[in-house]
Amino acid sequence: PLVYRRDNATGYDLIVHLVRIPPTEKWDVDWVDEPKPLADLQLTADVGKPRLASALACRPYQFEEPQQTVEQTLTPDVRTGKVTVAVPPFRYYTMLILRLKQ
């Protein structure tokens with residue numbers, strides 16, 4: 001359920017949700033430490049024949065940021081039907097969107 005395809009007018013979006021494993025088994029309201037951002041990750045997807053139109057990463061804002069979705073355009077590496085993107089650092093959750101044209 002964390003990876004799915006959504007059709008659009010020119011092809012489809014491949015949507016990947018990345019969710020970190022919580023540091024504690026149960027939610028602890030007294031735990032106030034923010035985790036360090038998870039960094040240096042890459043995602044490779046075998047998309048076959050469709051052409052990559054764009055790649056985006058979206059994540060919720062951090063406490064120190066304005067209250068808005070943080071969106072970042074990614075620079076993909078496309079080779080023989082495989083798309084590789086560097087995942088921007090995130091603390092809890094990020095969503096990657098690969099927009100593909102048929």
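This report describes the fold, the salt bridges, one histidine and the pockets of a predicted protein model.

**Overall fold**

The protein chain contains eight strands and zero helices. Read from the N terminus, the order of elements is therefore β-β-β-β-β-β-β-β. The C-alpha trace spans about 50 × 25 × 25 Å along its principal axes. The chain has 102 residues, and 32% of them count as buried. Contacts can also be sorted by how far apart the partners lie in sequence. Among contacts with a separation of 6 or more, 68% are between residues 24 or more positions apart.

**Salt bridges**

How many salt bridges does a search of the whole structure find? The search finds seven.

| Salt bridge | Closest N and O atoms |
|---|---|
| D7 and R5 | 3.2 Å |
| R99 and D13 | 2.6 Å |
| D77 and R79 | 3.0 Å |

The pair R99 and D13 forms a salt bridge. This pair links distant parts of the chain, with R99 in strand β8 (residues 93–101) and D13 in strand β2, 86 residues apart. Is D13 buried or exposed? D13 counts as buried because its relative accessibility is 1%, and the cut-off for buried is under 20%. R99 has a relative accessibility of 34%, so R99 counts as partly exposed. Both residues also belong to a network of salt bridges that links R6, D13 and R99.

The other two pairs in the table can be described in the same way. D7, the partner of R5, has a relative accessible area of 58% and is therefore exposed. In the pair D77 and R79, D77 is partly exposed because its relative accessible area is 33%. R79 reaches 56% relative accessibility, so R79 counts as exposed; the cut-off for exposed is over 50%.

**The surroundings of H17**

H17 lies in strand β2, which covers residues 11–19. With a relative accessibility of 16%, H17 counts as buried. Which residues does H17 touch, not counting residues up to four places away in sequence? They are L2, Y4, Y93, T94 and M95. With one of these, Y4, there is a polar contact between side chains, at 3.2 Å. D77, described above as a salt-bridge partner of R79, gives a point of reference for position. H17 and D77 are 60 residues apart in sequence, and their C-alpha atoms are 20 Å apart in space.

**Pockets**

Rolling a probe the size of a water molecule over the atoms shows where empty space is left. The largest pocket holds about 330 Å³ of space. Its lining consists of 17 residues, and P22, P23, W27, W31 and Y92 lie nearest the centre of the pocket. Sorted by class, the lining of the largest pocket has ten nonpolar, six charged and one polar residue.

The second largest pocket holds about 160 Å³ of space. Which residues line the second largest pocket? The lining is made up of E34, R59, P60, Y61, Q62, F63, F90, R91, Y92 and Y93. By class, six of these residues are nonpolar, three are charged and one is polar.

Terms used:
Residues are numbered from 1 along each chain as its sequence is written. This is a predicted model: local features need pLDDT of at least 70, side-chain atom pairs count only at pLDDT 80 or more; totals for chains, interfaces and linings use all residues. Side-chain values use heavy atoms; hydrogens and water are left out. On a 1 Å grid over the protein atoms alone, a cavity is a set of points where a 1.4 Å probe fits but cannot get out, and a pocket is an open set with protein on both sides within 12 Å along at least five of seven lines; lining residues have an atom within 4 Å of a point. Grid points are joined across faces, edges and corners, and a volume is the space filled by probe spheres set on the points. Ala, Val, Leu, Ile, Met, Phe, Trp, Tyr, Cys and Pro count as nonpolar, Asp, Glu, Lys and Arg as charged, and the others, Gly among them, as polar. Helices (H or I, at least four residues) and strands (E, at least two) are DSSP runs, numbered from the N terminus. Buried means under 20% relative accessible area, exposed over 50%, partly exposed in between (1.4 Å probe, protein chains only). Contact means heavy atoms within 4.5 Å. A polar contact is a pair of N or O atoms within 3.5 Å; within protein, one must be able to donate a hydrogen and the other to accept it, and residues adjacent in sequence count only if both atoms are side-chain atoms. A salt bridge is a side-chain nitrogen of Lys or Arg within 4 Å of a carboxyl oxygen of Asp or Glu.
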